[in-house]
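Subject: Structure handover

Hi,

Here is the structure I promised to pass on. Please have a look, then read my notes below.

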Amino acid sequence: MSDKKKQVLAFDFGGGSGRAILGTLENGKIHMEEVHRFSNDPVIVNGTMYWDTLRHFFEIKQGIVKAKQKGGFESIGIDTWGVDFGLLDEHGDLLESAVHYRDDRTLGMQEEVFKVIPKEEVYNLTGNQFENFNTIFQLYSLVQKRPWILEKADTLLLTPDLFNYFLTGEKKAEYTMATTTQLMDAKNKVWSDRILEALQIPKKILPEIVPSGTVVGTLQPSICEELGVEPAKVIAITGHDTQSAVVSVPTQEKDFIFISCGTWSLFGTELDGPIIGEKSLECNVSNEGGYGNTTTLLKNIIGLWLAQESRRQWIREGQEYSFGELEQMAQKAEPFQSFIDPDAPEFVPAGNVPERIREFCRRTGQKVPETIGEIMCCINQSLALKYRYALEQIESCTDKHYSVINMIGGGIQSKLLCQMTAGASGRKVIAGPVEATALGNIAVQLMSLGEIKDVAEARQIIANSETTYEYLPQDAEKWDAAYEKFKTFIQ
């Protein structure tokens, strides 16, 4: 590791906003400066929900210009959510904006796919958790309903790979993103011919898979001229935001549990290779690629989406509260009164989540939460109990016991959720860093540039750079009783 100052530019796209962050490695610490922030709003046209892809690229350009004004950068790395993609025609032009994973085009597609290739076979090949929004189901909806667009397609690029292409002209599939598609052979780390052929998905549209940290190219001359910048390197970092976050877990332990807590909660552990078998299928856990050819065994759980969408509903009703105010209301509510399964299908779409929570409680014979505080308390304690459920599943698959849970990401700003997670799981929680995804993005760029030796050194640097907080279990008997009740509601 060099003491010389290095500066890289990280773009971190979340479900509601995106940011451009300059990362500097200096004297063994990573320092971050946000230079650009922008809203990320889906657009519904004729009943289809799209990402505003071209606007995203406009914002990337704005971030590049602002970063140049702050002293420039040696490289660019982009992370986003998984599964979604853009299709290019034979000339390299975008056929349409990327469709949002919350769009309803995939409803019923799991059942349609399993008519062609058995569920067990799909899992044994890919090792992926079954979710309606997975790329496999999005593509099969095109096979069945819009085959013409696949006929016109020359290349499929997952979201960060699409932006890398816009910047460099190079078409590559970064490893961690490829593993979110449920189209990849998890053991051999190649696109699965069996799945593609069975579902009539043309293999020719899928580009070469490259390792995380690959320099895919440099900024195209036209972009350099337009923005007045030098041809910086563009690095295919751990493009799936979860895997960027995992890089930043500030631990030196080989075996550790993490919760990457944001709009979604990703609960898992890092392994040398996939675990695929009857137990992992029964638990519906996912094997996703991580940095350094590792595997992340994880559960995808709805996270802060429940609070975010509830807050949006209350704003629509004329009651606007900050997340801090909502947490204070939750703390004042009587705990252990009602629970939901956060992953019940009715909570996935946008809309009136508070009323759906009340209806879930009515249907399951529980006390119906009426006040805003009671709704928020129900959300937080239900998430904490779902984390315990996921912990038991992961431990049963790995045959290991984890005494500490590392919570990272924006969700740890809720001290209530962190404390409830410690109580529900009976494990110590170490919370931090908040900016986990951006730190991981920056660290992978610095490893690619040779400024950081490996992940172990990156995690030590991040531990030195960030403050963490500990939460210890409390009220064990109450949480155990609540858990027994909660398990009866899991679908």
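Predicted model: local features only at pLDDT ≥ 70, side-chain atom pairs only at ≥ 80, totals over all residues.

The domains. The domain assignment of the protein chain gives two entries. Domain 1 covers 5-234. Domain 2 is made of 250-431 + 452-490. Their C-alpha centres lie 26 Å apart. Domain 1 brings 24 residues to the contact, and domain 2 brings 28 residues.

The buried area. The size of an interface is often given as the accessible area lost when the parts come together. Here, domain 1 and domain 2 bury about 2300 Å² between them. Carbon and sulfur atoms give 55% of that area. On the side of domain 1, R102, Y123 and Q129 lose the most area to domain 2. Together these three residues account for 30% of what that side buries.

Polar links. Which kinds of pairs cross the interface? The rule finds 0 salt bridges between domain 1 and domain 2. Polar contact is another matter: 12 residue pairs cross the interface that way, both partners at pLDDT 80 or more.

The side of domain 1. Three elements each supply at least two residues to the side that touches domain 2: β3 (29-39), α3 (119-126) and α7 (175-178). The largest share comes from α3, with 4 residues. By residue class, this side of domain 1 divides into 8 nonpolar, 10 polar and 6 charged. Despite those 6 charged residues, the salt-bridge count across the interface is 0.

Best wishes

Notes
Residues numbered from 1 in each chain as written. Heavy atoms only, no water. Domains from an automatic or database assignment. Contact = heavy atoms within 4.5 Å. Buried area = accessible area lost by both parts, 1.4 Å probe. Salt bridge = Lys/Arg side-chain N within 4 Å of Asp/Glu carboxyl O. Polar contact = N/O pair within 3.5 Å; in protein donor to acceptor, adjacent residues only side chain to side chain. Nonpolar A, V, L, I, M, F, W, Y, C, P; charged D, E, K, R; others polar.
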